[in-house]
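Student: I should like to work through this model with you, one question at a time. May we begin by looking at it together?

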Amino acid sequence: MAAEEPDAKKAKTGEEGYYKVIDGVKYDRELLESIEKFAADGQVGYPEAKKLWAEAQDGQGVTDVEKATLEYAMKTYKFTEKATTFLTVFLSTGKKSFYKVIDGVKYDRALLEEAQRSEADGQISWREAKALFEDAKDGCGLTGTEKTTLEYVLKNLKFTDKARTFLESQLAGNAPKSYYKTVDGVKYDHLLLAEIEDSAKDGLVSEAEAKRLWDAASDGKGVTAIEQQTLKYALAQAKFTDPAKAFLEEKLASLLN
């Protein structure tokens, strides 16, 4: 059950100023303004959705008006898939904490559930492990709870060998210090370049490996200019089978259309 509107808020702002009425429905004005600000760049991301949920809770729990405001926002503005999933789960279950306690240890609930969803097909891939780590950092660096959560999923969930190696390396602090690697004055995607080098270790990149490279470059947000540049560099420097080369060249050419 949603919490009642806090009297402190009403007293501070006045009931009329605290709410914004749209089509006869009352919404939380401050929360709505935060949503509009986050949506100004075109969409509300997962880290921003977490901030919105924290703002809605504001120490009192999520009220009916705050819940209605978030539901209105999800219908009115564009949210990323992860942001939508996050808010949908929390709104539908009424969870009041970001955390899940297992055997007395506190874990990041959203991160843990994301890992469990990623494992639903049997194991967590390198691409999914990369997404988990990016979501854990969420623009603010890795917190102790997020690090503990990733260590927990490494122990309890199934990963591909490459995904496990990647995540263990990140947590151990052995990861590249930068997302980028500069070669002859040109900037490339460091992680994608490492994936390419790994695929080419046996002397030839196969079509299956080329498809995995493309998936890694796409990583849910489309292929960036840096990632395109990295793949073009790979085509020029590494040896590919004819089908592998044709696949990547066709994919890169399709981005120009």
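This is a predicted model: local features need pLDDT of at least 70, side-chain atom pairs count only at pLDDT 80 or more; totals for chains, interfaces and linings use all residues.

Student: Which residues of the largest nonpolar core touch the most other members?

Tutor: In general, nonpolar side chains of soluble globular proteins tend to be buried together. Here the largest nonpolar core has 38 residues. Those that touch the most other members are Leu150, Phe159, Leu167 and Leu231.

Student: Between which domains does this core lie?

Tutor: Helices that each supply at least two residues of the core include H7 (109–118), H9 (144–156), H12 (207–218) and H14 (242–254). Residues of the core come from both domain 2 and domain 3, so the core lies between them. The two domains are thus domain 2 (105–172) and domain 3 (180–255).

Student: Which residues are joined with Lys50 into one network of salt bridges?

Tutor: Lysine 50 also meets glutamate 146 in a salt bridge, at 4.0 Å from N to O. This pair links helix H4 with helix H9, the two residues being 96 residues apart. Glutamate 146 is buried at 4% relative accessibility, and aspartate 108 is buried at 7%. Through shared partners, the residues joined with Lys50 are Asp108 and Glu146.

Student: By about how many helical turns are glutamate 207 and lysine 211 separated?

Tutor: Glutamate 207 and lysine 211 form a salt bridge in which the closest N and O atoms are 4.0 Å apart. Glutamate 207 is partly exposed at 33% relative accessible area, and lysine 211 is partly exposed at 39%. Both lie in helix H12 and are four residues apart, so their separation is about one helical turn.

Student: What covers the buried residues of H9?

Tutor: The end C-alpha atoms of H9 are 18 Å apart, which agrees with the span of 18 Å that its 13 residues should have at 1.5 Å a residue. Its buried residues include Thr145, Glu146, Thr149, Leu150, Val153 and Leu154. Among the elements that cover them are H4, E3, E4, H7, H8 and H10.

Student: With which residues is serine 34 in contact, leaving aside its neighbours within four places in sequence?

Tutor: Serine 34 lies in helix H3 (residues 29–38). Its relative accessible area is 13%, and it is buried. Leaving aside neighbours within four places in sequence, serine 34 is in contact with Leu52 and Glu55.

Student: Which residue in the turn between E3 and E4 has a positive phi?

Tutor: Strands E3 (residues 99–102) and E4 (residues 105–108) run antiparallel and are joined by four bridges, with valine 101 opposite lysine 106. The strands form a hairpin with two residues between them. Most residues other than glycine have a negative phi. The residue with a positive phi, of about 50°, is aspartate 103.

Student: Is aspartate 184 buried or exposed?

Tutor: Aspartate 184 is found in the loop between strand E5 (180–183) and strand E6 (186–189). It is not a glycine, yet its phi is positive, at about 50°. Its relative accessibility is 79%, over the 50% limit, so aspartate 184 counts as exposed.

Conventions. Residues are numbered from 1 along each chain as its sequence is written. Side-chain values use heavy atoms; hydrogens and water are left out. A nonpolar core is a set of buried Ala, Val, Leu, Ile, Met, Phe, Trp, Tyr and Cys residues joined through side-chain atoms within 4.5 Å. Buried means under 20% relative accessible area, exposed over 50%, partly exposed in between (1.4 Å probe, protein chains only). Domain bounds come from an automatic or database domain assignment. Two strands pair if DSSP finds at least two bridges between them. A salt bridge is a side-chain nitrogen of Lys or Arg within 4 Å of a carboxyl oxygen of Asp or Glu. Contact means heavy atoms within 4.5 Å. The expected span of a helix is 1.5 Å times one less than its number of residues.
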